[in-house]
Amino acid sequence: MRRIDVILIGIVVFAIGGAGYLGLTWVGLDNINAGIWSQVVLVGIILAWSFSYVFRVATKKMTYTQQLKDYEEAVLQKRLDELTPAELAKIQAEIESERK
């Protein structure tokens, strides 16, 4: 994630909080209760995002992990493509003998 993305996310979260506050005051809540409830909603959103991040880390479904897996598969595919038919047949024979 780039620096500008983080700044934009911060601005959007700030705007959501402000819009929530204005919306709650428009519905009829006083300033203090509108501020409290808008903060409760924002904290809830941030906690939900944090828990989703921890879940992605625990299940290894992060962007870096996926990129690393894709890279490793590409390297192995390139090595496989570079094998001669004789070398490929030899490797396949070894695999078949290991299975038995």
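Val6 lies in helix H1, where helices are DSSP runs (H or I) of at least four residues, strands are E runs of at least two, and both are numbered from the N terminus. The model is predicted: local features need pLDDT of at least 70, side-chain atom pairs count only at pLDDT 80 or more, and totals for chains, interfaces and linings use all residues. Residues are numbered from 1 along each chain as its sequence is written, and side-chain values use heavy atoms, without hydrogens and water.

Three residues of the patch come from H1, which gives the most.

The largest pocket has a volume of about 220 Å³. A pocket is an open set of points on a 1 Å grid where a 1.4 Å probe fits, with protein on both sides within 12 Å along at least five of seven lines; lining residues have an atom within 4 Å of a point. Its lining consists of Met1, Ile9, Val13, Ile45, Ile46 and Trp49. Helix H1 (3-27) and helix H2 (31-58) each give two or more residues to this lining, and H2 provides the largest share, three residues. Six lining residues are nonpolar, none polar and none charged.

Overall, the protein has four helices and zero strands. Its radius of gyration is 26 Å, well over the 13 Å that the globule rule gives for 100 residues, so the protein is more spread out than a compact globule. The radius is taken over C-alpha atoms, and the rule is 2.2 Å times the number of residues to the power 0.38.

Conventions:
Grid points are joined across faces, edges and corners, and a volume is the space filled by probe spheres set on the points. Ala, Val, Leu, Ile, Met, Phe, Trp, Tyr, Cys and Pro count as nonpolar, Asp, Glu, Lys and Arg as charged, and the others, Gly among them, as polar.
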